[in-house]
Amino acid sequence: MFDRLTIRIFTIFLLTIVFFLMLIMVLPSLDSRNLTYLANKDKEAGNILARQVENDLVNVPKDSFRWWMRFIVVMDNHQKSGQSLFIVTPNEQIITAETKNIDLVKNFREKSSNVDDPAKKIYDSQEIIGPFLVHYANTEYQLYILQQATGIQSQFVNFIFDHPFLLLALTMLASSPFLLWLSWSIAKPARGLKKAADQVAKGNLQEWPELEQIGSSEYKATGASFNHMLRELKRMQEVQHRLFSDISHELRTPLTRLQLATALLRRKQGESNEVVRIDIEALKLDSMIGDLLSLARQQYDNNEIREFNQINLLFKQVLDNAAFEAEQIGKKFTVANLPTNHTILCYPVALCSALENVIRNAFRYSNKQIVVNFVAQQKKITITIDDDGPGVAENELEQIFRPFYRTSEARDRQSGGTGLGLAIVANAIIRDHGTVKAEKSHLGGLRIVIVLPIHKHQ
């Protein structure tokens with residue numbers, strides 16, 4: 001039953017309350033200044049002193065002139081160094097030579113006046129012991145002893161005991177590590193679950209058997225459900241991947257036959273507008289199937305390994321190829337601020353393909369100029385790709401990364417695009433924990449902004 005989280009939290013809460021109540025009840029009794037009753041040994045020593053005083057008082061005549069002065073003489077003869085003796089008469093008079101401490105004796109008598117159960121109490125650096133019974137002239141007197149206290153607790157301890165709220169605060173402070181440890185141990189399975197969820201958010205669908213073995217029964221049940229969800233996600237992923245493969249095979253086969261039939265038709269009847277249209281649409285369909293499969297492989301195929309790559313070396317071939325292509329088609333291609341000392345953790349093939357895809361789109365829609373700029377600041381590298389083409393309407397900038405999205409200008413239709421290129425780019429950037437967005441370019445066309453985290457390669 002204790003394996004249940006509800007019972008565990010309730011038990012810990014109850015034990016904590018009991019602990020504090022016991023502490024509040026017990027701690028005050030540890031104050032050495034409290035009234036304590038004498039042990040038999042100390043009681044016997046006090047009674048011996050009382051009998052010695054009593055034996056000497058026999059020689060003092062009752063009601064003689066200044067008889068109480070003789071009491072003082074007797075007490076002086078029997079008190080040790082550092083001691084002061086006090087005798088209290090039946091009518092509450094106190095006989096002593098140490099008159100300055102009479103108030104202490106009066107205060108102590110209010111707490112201890114039973115000769116059968118003498119006690120002691122500390123006042124600052126002194127302690128009072130008593131009362132002890134003394135017989136004189138058929139009358140009972142009480143003897144009290146004032147002496148230097150032994151084992152005096154420090155002034156700091158006295159201050160704590162004199163301020164209950166401070167004592168409570170110190171008790172809570174002392175128990176905080178224990179309570180923090182309990183809280184940490186209860187929350188540990190939740191942290192493990194969060195860690196697993198973070199990995200799932202990154203695309204890692206491996207199971208976590210330890211989630212079913214640690215924590216309370218509620219956490220174990222949650223861990224079992226979480227692993228079941230991962231198994232189902234992995235199964236659905238495999239089914240979807242298989243579906244894309246099957247679609248590729250099933251669509252490519254009739255598409256190949258259609259292209260073959262178009263070629264035979266062109267050979268028999270010659271070129272015609274209808275044959276050209278069929279050929280163009282077949283090529284578009286073939287390109288669309290290829291892009292769709294490429295997107296599916298990025299999303300569901302994790303065979304590529306993330307690696308640390310220096311930015312200038314990673315993108316060198318992509319930028320060199322773009323510069324060569326720009327020269328061939330008569331457009332101006334500029335690369336600015338390419339960093340040489342920053343490293344990113346990425347899937348290199350997918351990321352290079354994404355940058356190349358964006359640059360090719362810029363080539364396709366630009367008039368004369370394409371600019372790629374790198375800006376490294378704080379812990380991020382920002383890559384901007386600008387062109388001087390027709391651009392995209394303001395209200396469509398956030399939509400162009402959706403699969404199969406067509407802008408109002410139908411740029412993709414005019415250029416033969418499939419509407420999947422930027423979706424593939426966005427997926428590749430997100431896999432590397434980056435972001436991508438579209439903006440209006442200062443050149444008049446479209447600007448694509450890619451932001452990637454910079455890593456320190458250990």
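Buried means under 20% relative accessible area, exposed over 50% and partly exposed in between, with a 1.4 Å probe and protein chains only.

## Basis

The model is predicted: local features need pLDDT of at least 70, side-chain atom pairs count only at pLDDT 80 or more, and totals for chains, interfaces and linings use all residues. Residues are numbered from 1 along each chain as its sequence is written, and side-chain values use heavy atoms, with hydrogens and water left out.

## Helix 13

Helices (H or I, at least four residues) and strands (E, at least two) are DSSP runs, numbered from the N terminus. Helix 13 spans residues 421-431 and is largely enclosed by the rest of the structure, because 10 of its 11 residues are buried. Among them are Gly421, Asn427 and Arg431. Histidine 433, which follows helix 13, has a positive phi, near 65°.

## Nonpolar cores

A nonpolar core is a set of buried Ala, Val, Leu, Ile, Met, Phe, Trp, Tyr and Cys residues joined through side-chain atoms within 4.5 Å. The largest has 42 residues, of which Phe315, Phe333, Ile359, Ile383 and Ile385 touch the most other members. Helix 11 (residues 348-365) supplies the largest share of this core, nine residues. A second, separate core of 20 residues includes Phe71, Ile95, Val134 and Tyr141.

## Threonine 96

Threonine 96 sits in the loop between strand 3 (94-95) and helix 4 (102-109). Its relative accessible area is 9%, so threonine 96 is buried. Not counting residues up to four places away in sequence, threonine 96 touches (heavy atoms within 4.5 Å) Ile72, Met75, Leu85, Phe86 and Ile102. A polar atom of the threonine 96 side chain lies 3.1 Å from the backbone oxygen of leucine 85.

Methods. A polar contact is a pair of N or O atoms within 3.5 Å; within protein, one must be able to donate a hydrogen and the other to accept it, and residues adjacent in sequence count only if both atoms are side-chain atoms.
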